[in-house]
Amino acid sequence: MILTLLNLFWSFVKIGFTSFGGLSMIPLISNEVVSHGWMNLSEVSDIVAIAEMTPGPLGLNCATFAGIHAADIPGAVTANLGVLMPTFTVTALVAVFFRKFQKSHRMEQLLTGVRPVCIGLLAGVIASFCQTNYVINSAVSLPAIAIGAVDLALLFKWKLSVPKVILLSAAMGLVLFH
């Protein structure tokens with residue numbers, strides 16, 4: 001149990017230090033929890049969906065669910081401490097050096113280089129999640145694709161809010177998949 005808690009803490013410290021929050025954390029979370037055997041890709045897809053539906057930051061919500069899955073409540077606390085540690089550390093350092101970073105051309109260049117990496121990581125996760133969400137029993141699921149297409153239309157054409165789209169998607173899933 002202690003080794004699992006240490007691994008959870010270290011994994012989520014790495015996630016916190018190497019991602020920039022939000023969706024960019026998903027590939028790292030997926031890699032860590034799957035490589036340690038705490039969850040499979042389908043379960044990771046589920047926790048991301050649940051984490052998006054629940055209030056709070058995605059990284060914290062995913063850390064909570066992954067930690068509970070791996071080691072119950074102590075795992076959730078440990079994973080949350082791990083994912084928060086980098087944020088606290090970096091925020092404290094940035095606060096100390098804020099004036100210097102505020103107008104730094106190098107920092108702007110650094111961030112310009114990091115942004116495309118985040119997009120590439122997200123594209124990789126989207127590809128792997130498509131396999132778990134749109135392929136069921138080794139066959140492409142047309143109802144799942146239909147739900148995804150309707151969701152895109154609701155979000156981009158009709159500008160429906162994300163919580164409403166999630167609720168409608170859940171209802172469509174219940175109807176189409178019994």
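These legends accompany a set of close-up views of one predicted protein model.

Figure 1. Let us start with the overall picture before zooming in. Following the sequence, the elements come in the order α-α-α-α-α-α-β-β-α-α. The C-alpha trace spans about 55 × 45 × 25 Å along its principal axes. Of the 178 residues in the protein, 29% are buried. If we take the contacts between residues at least 6 apart in sequence, 55% of them join residues at least 24 apart.

**Figure 2. The largest nonpolar core, with 23 residues.** The residues with the most contacts inside this core are Leu 8, Phe 12, Ile 29, Val 33, Met 39 and Cys 62. At least two core residues come from each of α1 (2-18), α2, α3, α4 and α6. Helix α4 gives the most, with 7 residues. As a general background to this view, nonpolar side chains in soluble globular proteins tend to be buried together.

**Figure 3. The surroundings of Met 39 in the core.** Which residues does Met 39 touch, not counting those up to four places away in sequence? The partners are Val 33, Val 34, Val 44, Ile 47, Ala 66 and His 69. Two of these names, Val 44 and Ile 47, return in the next view as buried residues of α3.

**Figure 4. Helix α3 and its buried side.** Helix α3 covers residues 41-53, and its end C-alpha atoms are 19 Å apart; this agrees with the 18 Å that its 13 residues should span at 1.5 Å a residue. Val 44, Ser 45, Ile 47, Val 48 and Ala 51 are the buried residues to look for here. They cover an arc of only 165° around the axis, so they lie on the same side of α3. At the start of α3, take a look at Asn 40, where a side-chain oxygen comes within 3.0 Å of the backbone nitrogen of Ser 42.

**Figure 5. Helix α6, from its start to its buried residues.** This helix has 30 residues and reaches 43 Å from its first C-alpha to its last, close to the 44 Å expected at 1.5 Å a residue. At the start of α6, a side-chain oxygen of Ser 104 lies within 3.4 Å of the backbone nitrogen of Arg 106. Further along, Cys 118, Val 125 and Phe 129 are the buried residues of α6. Helices α2 and α3 are among the elements that cover them.

**Figure 6. A salt bridge between Lys 14 and Glu 32.** How many salt bridges does the structure hold? There is 1, and here it is in close-up: the side chains of Lys 14 and Glu 32 meet at 3.3 Å, N to O. The pair links distant parts of the chain, with Lys 14 in helix α1 and Glu 32 in helix α2, 18 residues apart. In general terms, side chains of opposite charge can pair when their charged atoms come close.

**Figure 7. Two threonines of helix α4, Thr 78 and Thr 87.** Thr 78 has a relative accessibility of 15%, so this residue counts as buried. Its side chain reaches the backbone oxygen of Pro 74 at 2.7 Å. Leaving aside neighbours within four places in sequence, Thr 78 is in contact with Leu 5, Leu 8 and Phe 9. One of these, Leu 8, is also among the core residues with the most contacts inside the core. Thr 87, in turn, counts as partly exposed because its relative accessibility is 44%.

**Figure 8. Pro 143 in helix α7 (residues 142-157).** With 29% relative accessibility, Pro 143 counts as partly exposed. Where does the chain meet this proline again, leaving aside its neighbours within four places in sequence? Pro 143 is in contact with Leu 176 and Phe 177. For Pro 143 and Leu 176, 33 residues apart along the chain, the C-alpha atoms are separated by 6.5 Å.

Definitions and conventions:
Residues are numbered from 1 along each chain as its sequence is written. This is a predicted model: local features need pLDDT of at least 70, side-chain atom pairs count only at pLDDT 80 or more; totals for chains, interfaces and linings use all residues. Side-chain values use heavy atoms; hydrogens and water are left out. Helices (H or I, at least four residues) and strands (E, at least two) are DSSP runs, numbered from the N terminus. The expected span of a helix is 1.5 Å times one less than its number of residues. Buried means under 20% relative accessible area, exposed over 50%, partly exposed in between (1.4 Å probe, protein chains only). The arc is that of the directions from the helix axis to the C-beta atoms. A polar contact is a pair of N or O atoms within 3.5 Å; within protein, one must be able to donate a hydrogen and the other to accept it, and residues adjacent in sequence count only if both atoms are side-chain atoms. A nonpolar core is a set of buried Ala, Val, Leu, Ile, Met, Phe, Trp, Tyr and Cys residues joined through side-chain atoms within 4.5 Å. Contact means heavy atoms within 4.5 Å. A salt bridge is a side-chain nitrogen of Lys or Arg within 4 Å of a carboxyl oxygen of Asp or Glu.
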